[in-house]
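Hi everyone, thanks for coming. I'd like to walk you through a structure that may be new to you, so please take a look at it first.

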Amino acid sequence: MLRIKRVPTVVSNYQKEENGEHPNRSTAGCGRNCLKNCCIQDAKLPLYAFKRLTKNGGKEELLLHACKEEPPVAFLDSLLLGEWEDRVQRGLFRYDVTACETKVIPGEYGFVAQLNEGRHLKKRPTEFRVDKVLQPFEENKFNFTKVGQEEVLFQFEASEDGEVQFFPNAPIDIDNSPNFVAINVSPIEYGHVLLIPRIFECLPQRMDRESLLLALHMAAEAGNQYFRLGYNSLGAFATINHLHFQAYYLAMPFPIEKAPTKKLASLNGGVKTSKLLNYPVRGLVFEGGDKLEDLSNIVSAACICLQNNNIPYNVLIADCGRQVFLLPQCYAEKQALGEVNAELLDTQVNPAVWEISGHMVLKRKKDYDEASEANAWRLLAEVSLSEERFEEVNALIFEAITSGEIDINTQCLDEVDAITSSGQSAHSDHAKMADSQECVVLQ
Ligand SMILES: [Zn+2]
């Protein structure tokens with residue numbers, strides 16, 4: 001088993017001890033406004049109910065109005081940032097992220113460097129298993145059910161009547177597994193939050209279709225091109241084994257968003273698949289689709305394929321939920337095997353989704369001062385799979401995506417006569433090469 005000594009980033013103020021116990025635990029009523037039975041019964045939290053697309057609802061306009069220059073109502077934005085600012089005022093963050101030095105590194109891609117010396121506490125290293133992407137949830141380790149209510153900003157649910165709704169003081173319906181949006185007490189940018197799907201189900205950090213769809217909905221609902229969500233699998237620098245996405249605002253394009261791509265295929269529902277070109281980390285890009293579900297079906301199938309094959313990966317959701325980057329990686333594995341260059345190791349940079357996307361969070365002043373596109377590139381190149389391995393992994397992903405189309409397709413079969421395609425190669429045959437919305441059915 002590969003083990004790495006790592007100092008994890010503290011994402012909650014209740015994550016002080018390795019066993020995740022509360023810092024000020026007292027007995028009667030607990031007194032700390034927690035999420036457990038002692039305190040949650042009468043608790044109220046804002047509830048934002050987003051407009052869910054119905055499966056058979058015909059043409060949906062959500063994707064069409066997403067990312068307009070001036071969204072009709074930036075309500076999710078203002079709710080999120082308003083609540084986030086409120087937690088700043090209440091002193092819940094471990095440092096003031098707006099005081100962290102940041103610069104755009106000169107060069108073609110515009111990598112962003114941030115000096116963040118406060119993010120990583122000096123504390124006892126935690127034994128951290130890095131060689132398994134799927135690990136069971138462990139109740140006794142820190143997880144998000146152990147945070148205080150004050151760290152939770154709002155509940156984020158699908159609306160029941162198909163319209164956006166907001167309830168400033170909604171009860172918490174534990175039995176219906178609410179999704180929570182909470183602060184990350186170690187933010188790397190303004191508005192850094194965590195989306196925790198169905199928090200009380202205590203799901204381990206593993207991707208599923210419904211949770212990815214929820215994350216896409218959040219990106220679409222925010223309707224702000226600077227708001228992205230990210231996901232790190234275990235083995236790819238997730239530090240908490242409780243299902244969560246991260247999200248924040250960065251008011252400029254991520255370098256990965258500017259990288260050229262080469263189209264590989266058009267899939268179900270018009271989802272376009274490409275691969276990144278001329279970027280230090282090899283990866284896939286999935287875009288478009290008639291509905292968010294089309295995109296989430298395909299990307300989640302790809303993620304599930306990776307986790308079932310024990311391949312660590314990161315996901316970036318951009319363009320208001322219309323574009324998803326999928327990046328298999330091998331840094332932690334190389335690190336555990338002693339194959340990472342010592343100079344890179346010394347930086348102690350953990351290349352998770354944000355770093356891979358081009359937002360380099362640096363821990364040492366020296367690295368910040370010496371930050372250059374070449375240095376960023378050199379670090380990220382270590383994260384990437386080799387060309388050969390990437391093509392192998394790609395073949396696995398395409399097989400998974402296209403075989404999954406049999407059941408993903410059920411809903412399409414009503415609308416379109418089945419188009420069949422046959423052949424061996426996933427790249428050329430299983431996937432539709434044309435920009436059509438036809439469903440591909442495998443024989
Ligand atoms: Zn309590």
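This is a predicted model: local features need pLDDT of at least 70, side-chain atom pairs count only at pLDDT 80 or more; totals for chains, interfaces and linings use all residues.

The protein has 443 residues, and 44% of them are buried. If we take the contacts with a separation of 6 or more, 73% of them join residues 24 or more positions apart.

Three strands make it up, in the order 3-4-17, and it is an open sheet with mixed pairing. At its edges are strand 3, residues 102–104, and strand 17, residues 359–362, each pairing on one side only. On average, neighbouring strands here are turned by 20° against each other, direction ignored. Strand 3 runs antiparallel to strand 4, residues 112–115, and three bridges connect the pair. One example to find on your screen is threonine 102, whose bridge partner in strand 4 is glutamine 114.

On to the loop. Most residues other than glycine have a negative phi. Which residue lies in the loop between strand 9 and helix 4? Arginine 198 does, with strand 9 covering 193–196 and helix 4 covering 209–222. Arginine 198 is not a glycine, yet its phi is positive, about 40°. Cysteine 202 lies in the loop between strand 9 and helix 4 too, and its phi is also positive, near 50°.

Key: Residues are numbered from 1 along each chain as its sequence is written. Helices (H or I, at least four residues) and strands (E, at least two) are DSSP runs, numbered from the N terminus. A residue is buried if 20 or more other C-beta atoms lie within 10 Å of its own, exposed if 12 or fewer, and partly exposed in between; C-beta atoms are placed from the backbone. Two residues are in contact if their C-beta atoms, placed from the backbone, lie within 7 Å. Two strands pair if DSSP finds at least two bridges between them. Axes are lines fitted to C-alpha atoms, for helices over the stretch in contact, and angles run from 0 to 180 degrees between N-to-C directions.
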